[in-house]
Amino acid sequence: MQLFPRALLPFSLVGLTLLAACATDSEPPRNNGVNDVRKACEVRSAWTRAGTETCINCMAAAPSPKCQCESFKEFGGFCEIQEVERHAELTCTSLLDDCAHTCSKLDCNCLEGCYAQAARCKQLAGARDGCVTAVCAQYCE
């Protein structure tokens with residue numbers, strides 16, 4: 001006795017292929033870029049347009065929830081999942097955030113030092129920072 005008729009095999013393979021294709025369309029792959037706090041900092045320190053409005057908007061909007069704002073449509077929300085995961089991590093405290101924000105934007109040693117005692121937070125911040133750096137490079141380099 002055959003549990004699955006061979007005649008249906010091609011149709012089931014097509015169905016699985018379509019299901020996989022639809023799943024891929026609904027959730028794009030993550031882009032964590034360099035996936036490292038220090039490397040992302042080093043990339044950003046070489047940017048020549050970091051002070052421009054578009055670059056600043058990208059840096060702020062990429063890790064934020066996607067909005068219907070026309071000026072943020074090209075980068076808004078692209079790194080939201082990385083920011084949500086970082087924010088949910090218990091070792092990513094407000095004191096650590098304050099430390100990272102007080103570092104000069106070009107002081108990668110300072111930034112990395114903030115994460116010295118929080119390895120998991122550093123990993124998640126690296127994913128977020130790497131993503132933002134990758135998404136915003138075209139507007140900031």
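Helices here are DSSP runs of H or I spanning at least four residues, numbered from the N terminus. In this predicted model, Glu-80 belongs to helix H4, which covers residues 80–88. Glu-80 counts as partly exposed because its relative accessibility is 28%. Beyond its neighbours within four places in sequence, Glu-80 is in contact with Ala-62, Pro-63, Ser-64, Pro-65 and Lys-66. Of these residues, Ser-64 is 16 residues from Glu-80 in sequence, with a C-alpha to C-alpha separation of 5.3 Å.

**Aromatic cluster**

Two aromatic pairs are found in a search of the whole structure.

| Pair | Distance between ring centres | Angle between planes | Class |
|---|---|---|---|
| Phe-72 and Phe-75 | 6.1 Å | 45 degrees | tilted |
| Phe-75 and Tyr-139 | 5.2 Å | 75 degrees | edge-to-face |

Together, Phe-72, Phe-75 and Tyr-139 form one aromatic cluster. Phe-75 is buried at 2% relative accessible area, and Tyr-139 is likewise buried, at 12% relative accessibility. Phe-72, at 23%, is partly exposed.

**Packing of H2 and H7**

Helix H7 (residues 119–140) also meets helix H2 (residues 37–45), their axes coming within 7 Å and crossing at roughly 30 degrees. H2 is therefore roughly parallel to H7, and the crossing is left-handed. H2 contributes Val-37, Ala-40, Val-43 and Arg-44 to the contact, while H7 contributes Lys-122, Ala-125, Gly-126, Asp-129, Gly-130 and Thr-133. The residues of this contact comprise four nonpolar, three polar and three charged.

Notes
Residues are numbered from 1 along each chain as its sequence is written. This is a predicted model: local features need pLDDT of at least 70, side-chain atom pairs count only at pLDDT 80 or more; totals for chains, interfaces and linings use all residues. Side-chain values use heavy atoms; hydrogens and water are left out. Axes are lines fitted to C-alpha atoms, for helices over the stretch in contact, and angles run from 0 to 180 degrees between N-to-C directions. Helices (H or I, at least four residues) and strands (E, at least two) are DSSP runs, numbered from the N terminus. Angles under 35 degrees count as roughly parallel, over 145 as roughly antiparallel, 65 to 115 as roughly perpendicular and the rest as oblique. A crossing is left-handed if the near helix is turned anticlockwise from the far one by less than a right angle, and right-handed if clockwise. Contact means heavy atoms within 4.5 Å. Ala, Val, Leu, Ile, Met, Phe, Trp, Tyr, Cys and Pro count as nonpolar, Asp, Glu, Lys and Arg as charged, and the others, Gly among them, as polar. Buried means under 20% relative accessible area, exposed over 50%, partly exposed in between (1.4 Å probe, protein chains only). Rings of Phe, Tyr and Trp (its six-membered ring) pair if their centres lie within 6.5 Å; planes under 30 degrees apart count as stacked, over 60 as edge-to-face and the rest as tilted.
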